[in-house]
Amino acid sequence: MILEAIVSSLSPEGNVNFAPMGVHILESDHKPEPVNSFVLRLFSNSQTYENLRSTGQGVINFTQDVAVFVETALYSKCLPYVPSQRVCPPSLADVQTLWEFKVIRFDDSIEPAFVEGQVEHRVERAGYGGFCRAQSAVLEATIAATRWQWLPKLNITDPWPMWSDIVRKTGGKRERQAFNRVSLFLMERGIQVAGVPES
Ligand SMILES: Cc1cc2nc3c(=O)[nH]c(=O)nc-3n(C[C@H](O)[C@H](O)[C@H](O)COP(=O)(O)O)c2cc1C
């Protein structure tokens, strides 16, 4: 499963950086068990890549505020932050959930680099666990399915491969099963849309 989060990191000169990144976690590591390690896949043109490679520490910040994703991804905005407890990079102010981490493996022989992080300290308020793109894809597919009688079929079958791809790449078991239920519903009504593997 991939959760979308904001990674904070520090350059060797001490500049704070925020950027959205996908956080890959093992299904068995997810709730109810706390996540102890995760993987980032970082393209080498990002500041986050440079910072994690040189300073080896960061914070995964989970926020529901989509504006934070836009501002940090596209405008390199530095947002209000607060000190961390176990690592040098600060965390975003006012986030519900954060994981302070140390890099335990940085494999730059592949692109995007494979970066494994070990959680050193966590704050989890209000049980918020982060965005997963598969969840929005399942919602979009479900809304379209509720309109199958009057929506042109193409409005469902055209975006279907995109939704299916997102669910296959970023969804956990629950998202994949839910997506397949939408597929079944539509197939039973004569609309041919393929499901995704569930494991
Ligand atoms: C939701 C979302 C997820 C992203 N995931 C990744 C990712 O997993 N790996 C990556 O290299 N870039 C990812 N990006 C793109 C980076 O956030 C983007 O290139 C950013 O400008 C990098 O900022 P930086 O140079 O300050 O690190 C993602 C962007 C968004 C909006």
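Me: Cysteines to start with. How far is the sulfur of Cys78 from the closest cysteine sulfur?
Reply: It's 16 Å away, and the partner is Cys88, so the two are too far apart for a bond. Keep in mind that this is a predicted model.

Me: Is Cys78 buried, partly exposed or exposed?
Reply: Cys78 is partly exposed, at a relative accessible area of 44%. Cys132, on the other hand, has a relative accessible area of 3%, so it counts as buried.

Me: Switching to helices. At what angle do α5 and α6 pack?
Reply: About 155°, and their axes are 10 Å apart. Here α5 covers residues 160-170 and α6 covers 173-187.

Me: What does that make them, roughly parallel or roughly antiparallel?
Reply: Roughly antiparallel, because the cut-off for that label is an angle over 145 degrees.

Me: Which residues meet there?
Reply: From α5 you have Trp160, Trp163, Ser164 and Val167. On the α6 side they meet Glu175, Arg176, Phe179, Val182, Ser183 and Leu186. By type, that contact of α5 with α6 has six nonpolar residues, two polar and two charged.

Me: And α3 against α5, what's the geometry?
Reply: Helix α3, residues 133-146, packs on α5 at about 145°, with the axes 8 Å apart. The crossing of α3 past α5 is left-handed.

Me: Who makes that contact?
Reply: α3 brings Arg133, Ala134, Ala137, Val138, Glu140, Ala141 and Ala144, while α5 brings Trp160, Trp163, Ile166, Val167 and Thr170. The contact of α3 with α5 splits into nine nonpolar, one polar and two charged residues.

Me: What's phi doing at Ser76?
Reply: Phi there is near 45°, which is positive in a residue other than glycine. Ser76 belongs to the loop between α2 (66-74) and β5 (81-82), and its relative accessibility of 62% makes it exposed.

Me: And what about phi of Asp94?
Reply: Asp94 has a positive phi too, about 65°, despite not being a glycine. You'll find Asp94 in the loop between β6 (91-92) and β7.

Me: Is Asp94 buried or exposed?
Reply: Exposed, with a relative accessibility of 77%.

Conventions:
Residues numbered from 1 in each chain as written. Predicted model: local features only at pLDDT ≥ 70, side-chain atom pairs only at ≥ 80, totals over all residues. Heavy atoms only, no water. Axes fitted to C-alpha atoms, helices over the stretch in contact; angles between N-to-C directions. Helix = DSSP H or I, 4+ residues; strand = E, 2+ residues; numbered from the N terminus. Parallel < 35°, antiparallel > 145°, perpendicular 65-115°, else oblique. Contact = heavy atoms within 4.5 Å. Nonpolar A, V, L, I, M, F, W, Y, C, P; charged D, E, K, R; others polar. Disulfide = S-S within 2.5 Å. Buried < 20%, exposed > 50% of the residue type's maximum accessible area, 1.4 Å probe, protein only. Left-handed = near helix turned anticlockwise from the far one by under 90°.
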